[in-house]
Amino acid sequence: MAAALLLVFAGASGLRSEEPVSDRLMREQLWREVSSMPADERPKVGLVLSAGSVRGLAHIGVIQALDDAGFPVDVVTGTSIGAIVGSLYAGGMPASKLWALNKDISLGTNFNKFRLLELILYDKLLSSKKLETWLKEQIGDLQFDKMPKRFACVAMDLKTGEQIIFREGPVAIAVRASMNLPGFFEPVEYRHRYLVDGAVVDYIPVDAARLLGAEWVLASVTEFDYARANPTNVMGTLLQIFDIRGSILAREQRKLANVVVEPAVGDIAIEHIHRGPEAMVKGVVAMTRKLPETEESLILHTLPRLMKHWRAP
Amino acid sequence: MNGPASAALLALALSSSAHAAPETAPRPPVQDALAGVQLLFDQQDYGRVVGRLTEPEMQKLGRQDLRRAYDLLGQSYQRLGQQDRAIGVYQLAAQLFPKDLNLTTHLADILHHQELDDQARALYESALAIHPNNGSAHLGIAEIARATGLLEQSQEHYEKCLLEIKTDARVWRGYAEVLAKRRNYSKAADAIRKALELDPDNAPTLQSLAQFQRRQGKREEGYASLAAATAAADASPRHQDIRPELSLRKASWLFEDGRLDDSLQEAESVLLRFPNDPFALWLRARIALKRGDENAAAADLEAAASQSRSSPFAAAVAKGMLKELGGGQ
């Protein structure tokens, strides 16, 4: 962890730039007013966690920074690794415990070198069943409608190419379907569907958050910087195609979010499981830097409702 | 040393001379070798320190004196405002004496103050590898972690630092800030009181205490500390710049507490000196709105909205409110 921490502080200096006193005081005062509003009076806040394999562990850092700042979150959606992290968070797991789970999450995805060898030698798709079991161990065999925060995740039906947004029924199998990387894991058969990773159709599921009623959305995006990668094997090339497809989809989805936070994890590839802690730290750094802008955006979005309280009866 | 090339040459020369010198060779006493330079440094005559510590002079020094000479040279450059040269000197020194905690942490401190935190942190970590209890290294990491949002880690390093450095108000202030960010206001207030014991009548520290007290619901104590901060700022030229902020904060609190007349009076005291202050204008507009005077509110909001260059967020809020009032674009 210490070695990872050494690498991630470049550019953190932006945090210390002076801002006008009036802006700071106004944000402080209005943030107190917005964050103390009853949840049913302020805009419903959505947190959207993108796909992104190991890079997506940065979402944990984003959640940690939001939690430290007391930032309210009502709705969580995620795709692939975003679905795993999002389900744990929406299922009631505190940020501090999420932070400690990074190693388990990597194991939970079953994506290690031995399993890949099995895939290559026997041409046999891997099972992602272990993730479902692991998830149940973490948050129980929850149903969507029993989660402490509203949650949805996205998968794709391999037979129809449809985007499937899960928001009811059991959580664990839906999350498993959402992170079921095609070509590596065998499709999940569920509700007469043949389900694979949702990143192929919905890399940043802002639409799913809106569907759950989110009126204001913060999207945590962990895209791969594929322009810098030169894959030299079949798997690397295939994965890069997924990433390129995801990035094209992300362009449209990110426009639908009110604020986008992008941890600097673009150089972390799917096989860099050892860089998980570094990704988490980068999530904290990115969200901490973005926090004032994020608060300001939500304040401005809430202004019409605040004005109703502020005007004399 | 006039540039990187000469600095590198000096490094090579010093490096070879330092390493070639047998450890047991007789050396003049430390005080004698650098006494004159130390005196100049103590007299804050940093230009002459730099002038005295030339390449040939430094080559004459033994290892222990050379460490000290580097430190004096680096600090002199630093105090002359030549940070890049100071960094160069400390980088050379840290290469020559990689296990010298003082040089390593000093280099890390300069890099940290130049906001080169990735490099600074690596040096602090290496200092801790040599001496796990080094207070300066713990402080450096605590500050970097605080700035980057790694609050739990920052708190841990502050606590380790405070085992070694107990009498520096700056450390207690930083520790208090982390605790407050973690919303532990009670402990933050305790820490900031320690800072005040060491540096009484410090207006920013008193303001922090006031904020922590208010966040604990201790309103009257908060007002009292804010008044003390105001008095301290009035009495101290170095803290004059936070005086308007103290008045604005008080006006804001009075408004939150429903003391509209008092809040208005405080906001107007700021507007007398700074007629376009967007926060004071905005507060006055909020008071006018509460009292049903939407025209007066709109006038103040128009003025606040025009400050988008100096206070973009305050101006955006004012514009948003005007739109709701039906008077904005």
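One cavity of 30 Å³ or more was found in this predicted model, a cavity being a set of points, on a 1 Å grid over the protein atoms alone, where a 1.4 Å probe fits but cannot get out. Rolling a probe the size of a water molecule over the atoms shows where empty space is left. The largest cavity holds about 50 Å³ of space, the volume being the space filled by probe spheres set on grid points that are joined across faces, edges and corners. Its lining, made up of residues with an atom within 4 Å of a point, consists of A:Leu25, A:Glu28, A:Gln29, A:Arg32, B:Arg249, B:Ser252, B:Trp253 and B:Phe279. Two or more of these residues come from each of helix 2 (21–35) of chain A and helix 15 (243–256) of chain B, helices being DSSP runs (H or I, at least four residues) numbered from the N terminus. Helix 2 of chain A gives the largest share, four residues. The lining comprises three nonpolar, two polar and three charged residues; Ala, Val, Leu, Ile, Met, Phe, Trp, Tyr, Cys and Pro count as nonpolar, Asp, Glu, Lys and Arg as charged, and the others, Gly among them, as polar.

Residues are numbered from 1 along each chain as its sequence is written, and chains are lettered from A in the order in which they are written. Local features need pLDDT of at least 70, side-chain atom pairs count only at pLDDT 80 or more, and totals for chains, interfaces and linings use all residues, while side-chain values use heavy atoms, without hydrogens and water.

The second largest pocket contains about 680 Å³ of space; a pocket is an open set of points with protein on both sides within 12 Å along at least five of seven lines. Of its 40 lining residues, A:Ser53, A:Leu239, A:Ala269, A:Ile270 and A:Glu271 are the closest to its centre. Helix 11 of chain A supplies the largest share of this lining, six residues. By class, 23 nonpolar, ten polar and seven charged residues line the second largest pocket.

In chain A, helix 12 (residues 276–310) has a kink of about 55 degrees at A:Leu303, shortly before the proline A:Pro304; the bend is the angle between axes fitted to the seven residues ending at a residue and the seven starting there. Of the 35 residues of helix 12 of chain A, 25 are buried, that is, under 20% relative accessible area (1.4 Å probe, protein chains only).

Notes:
Buried means under 20% relative accessible area, exposed over 50%, partly exposed in between (1.4 Å probe, protein chains only).
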